[in-house]
Amino acid sequence: MASDLPVVIVGAGPQGLAAAAHLSERGQDALVLEQGATAAAAVSEWGHVRLFSEWPELIDVAARRLLEGTGWVAPVGGCPTGREWVDGYLAPLAAALGDRVRTGVTVTGVTRLGRDRVVGSGRREAPFVVHAIDAEGHESVVRARAVLDASGTWAAPGPAGADGLPALGERAAADRVSYRIPADVTRLAGRHVVVVGAGNSAAHAVLRLTELARSEPGTRVTWVLRRGSMGSVFGGGAGDGLPQRAALGVRARRAMEKGLVEVLTGFRVSELRLHPDGLTVVAEDGRELDGVAHLFALTGFRPDTAFLGELRVALDPALEAVAGIAAEIDPNVHSCGSVAATGARELAQPEPGFFIVGAKSYGRAPTFLALTGYEQVRSVAAHLAGDHEAAARNELSLPSTGVCGGSDEFDGVGGSCCAAPVLQIGTRPLALAGGTDTRGER
Ligand SMILES: Cc1cc2nc3c(=O)[nH]c(=O)nc-3n(C[C@H](O)[C@H](O)[C@H](O)COP(=O)(O)OP(=O)(O)OC[C@H]3O[C@@H](n4cnc5c(N)ncnc54)[C@H](O)[C@@H]3O)c2cc1C
């Protein structure tokens with residue numbers, strides 16, 4: 001019987017692990033499949049980056065209860081780095097979940113037993129089948145009564161090209177282009193470095209490079225923005241509920257004012273010309289940046305939907321976010337993003353029993369916070385356990401960003417998108433700010 005089968009969770013990141021904790025607490029059998037050699041493989045890859053959330057905002061409530069039963073003591077004090085998040089919470093959580101977490105297993109496809117996407121007959125009753133492959137190339141199939149896709153977006157960064165495709169020459173220039181926040185930039189001392197992107201990751205990279213420019217004269221940093229104005233790039237300042245996120249913007253602004261970084265707006269990268277000693281970065285309007293030793297393209301991330309091809313999935317055509325939440329997080333509409341819709345009902349797919357949760361549920365929208373995901377998995381686990389009252393509740397309360405960037409900063413036109421200030425009744429926020437970016441991470 002399908003009801004005897006486990007709920008399979010794709011990805012042992014913060015959200016997949018939290019989902020397993022909620023399901024286990026409710027007596028539901030859960031199995032987490034993680035492609036990395038260890039749990040939280042994606043967070044480990046950005047372990048050198050300091051989060052702007054503090055510890056209490058990074059720990060899920062069911063996970064906390066599970067961990068406290070093992071004698072674990074919640075870390076305290078400020079914002080951890082990704083590495084500290086893993087060591088202090090995510091790795092102990094995976095250990096507490098024991099053999100419910102299987103690492104080194106990549107999910108390659110999810111479908112219904114004996115049915116491709118087209119077959120409707122008996123579909124609802126048919127168990128899911130999850131195809132996977134391990135590091136040695138052994139394939140396996142796991143049956144499931146429900147599937148939660150918590151595989152994140154970390155594996156698919158956006159390109160430097162302004163139109164969403166790699167710029168002409170971007171592939172050939174692979175050795176001189178990176179798509180992640182750098183851990184160490186010392187090899188770029190005295191060189192010209194370009195950062196493309198307008199989000200927190202780009203600001204992080206710019207700050208690392210301007211520190212280098214301060215100690216190593218001759219280092220030149222150029223920050224390239226696709227949008228026509230600086231707009232909300234520096235964040236919400238004093239209005240930001242996360243002081244570390246605000247500080248990032250303040251420091252970036254200061255670096256610009258001190259001349260440590262040159263900012264070019266409306267610079268839409270169209271071509272990377274590779275020379276023996278570096279790159280020329282060319283914009284659509286003909287502007288050129290010469291002698292570039294390295295380019296960091298930090299333009300946001302995209303969900304990998306390839307392994308969902310045989311499921312009936314509704315994604316927003318622009319954001320690739322779950323269709324039921326897209327309108328609330330669409331940076332084309334507003335930057336302060338109401339996130340009232342975060343539960344099983346809004347995350348439901350045309351494929352009953354299948355949910356996309358965590359960072360992947362936001363698709364290309366850059367405003368996802370761990371707290372939002374923890375609320376998602378709490379609600380979805382309650383739904384799968386048949387507790388519809390708990391599933392319908394909204395227990396989310398998010399810090400404000402202080403940013404209201406307006407509906408269109410792309411060509412230098414911005415305006416307030418918030419008609420009303422933040423309202424909160426009980427634990428249900430009616431209009432909350434969820435991120436600092438408009439128009440994605442550019
Ligand atoms: C640099 C950075 C800083 C951030 N800072 C903050 C912050 O301060 N505060 C905050 O609230 N949020 C922050 N976030 C956003 C968000 O909370 C994190 O990205 C969080 O890790 C998302 O959790 P997740 O579980 O949805 O995805 P991930 O952490 O990406 O986990 C997904 C997991 O799925 C695995 N996986 C992927 N594909 C497959 C597959 N096919 N089969 C099996 N396993 C697979 C991956 O290996 C990974 O372990 C930050 C994000 C980044 C990138």
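Trainee: What should I keep in mind about the model?

Mentor: It is predicted, so local features need pLDDT of at least 70, side-chain atom pairs count only at pLDDT 80 or more, and totals for chains, interfaces and linings use all residues. Residues are numbered from 1 along each chain as its sequence is written, and side-chain values use heavy atoms, with hydrogens and water left out.

Trainee: How many helices and strands does the protein chain have, and what makes a run count as one?

Mentor: The protein chain has ten helices and 17 strands. Both are DSSP runs, numbered from the N terminus: helices are H or I with at least four residues, strands are E with at least two.

Trainee: What is the strand order in the open sheet of five strands?

Mentor: The order is E3-E2-E1-E7-E15, with parallel pairing. Strand E3 (101-103) and strand E15 (354-356) are the edge strands, since each pairs on one side only. From one strand to the next, the twist averages 15°.

Trainee: How do you know that E2 and E3 pair?

Mentor: Two strands pair if DSSP finds at least two bridges between them. Strand E2 (residues 30-34) and E3 have three bridges, in the parallel sense, so they meet that definition. Glu34 has Thr103 of E3 as its bridge partner, and Val32 stands opposite Val101 in E3. E1 and E2 also pair in the parallel sense, over four bridges, and Val8 stands opposite Leu31 in E2.

Trainee: Why is E2 called largely enclosed?

Mentor: Because five of its five residues are buried. Buried means under 20% relative accessible area, exposed means over 50%, and partly exposed is in between (1.4 Å probe, protein chains only). Both faces of E2 are covered: Ala30, Val32 and Glu34 are buried on one side, Leu31 and Leu33 on the other. For the protein chain, buried residues make up 54% of the 442 residues.

Trainee: What kind of unit do E1, H1 and E2 make?

Mentor: They make a right-handed β-α-β unit. A crossover is right-handed if, with the strands pointing away from the viewer, the path from the first strand over the helix to the second runs clockwise. Helix H1 (residues 14-25) lies across strand E1 (7-10), E2, E3 and strand E7 (146-149), at about 160° to E1. For such angles, axes are lines fitted to C-alpha atoms, for helices over the stretch in contact, and angles run from 0 to 180 degrees between N-to-C directions.

Trainee: Which residues come nearest the ligand?

Mentor: Of the 28 residues around the ligand, Glu34, Phe52, Ser53, Ala359 and Ala370 come nearest. A residue is near a molecule or strand if one of its heavy atoms lies within 4 Å of it.

Trainee: Is Arg123 buried or exposed?

Mentor: Buried, because its relative accessibility is 5%. Arg123 is in the loop between strand E4 (105-112) and strand E5 (128-134), and its side chain reaches the backbone oxygen of Val119 at 2.8 Å. Beyond its neighbours within four places in sequence, Arg123 is in contact (heavy atoms within 4.5 Å) with residues including Glu310, Arg312 and Glu351.

Trainee: Why is Tyr179 called partly exposed?

Mentor: Its relative accessibility is 24%, so it counts as partly exposed. Tyr179 is in the loop between strand E8 (177-178) and strand E9 (192-196). A polar contact of 2.6 Å joins its side chain to that of Glu170. Tyr179 and Ala297 are 118 residues apart in sequence, yet 5.0 Å apart in space, C-alpha to C-alpha.

Note on methods:
Polar contact = N/O pair within 3.5 Å; in protein donor to acceptor, adjacent residues only side chain to side chain.
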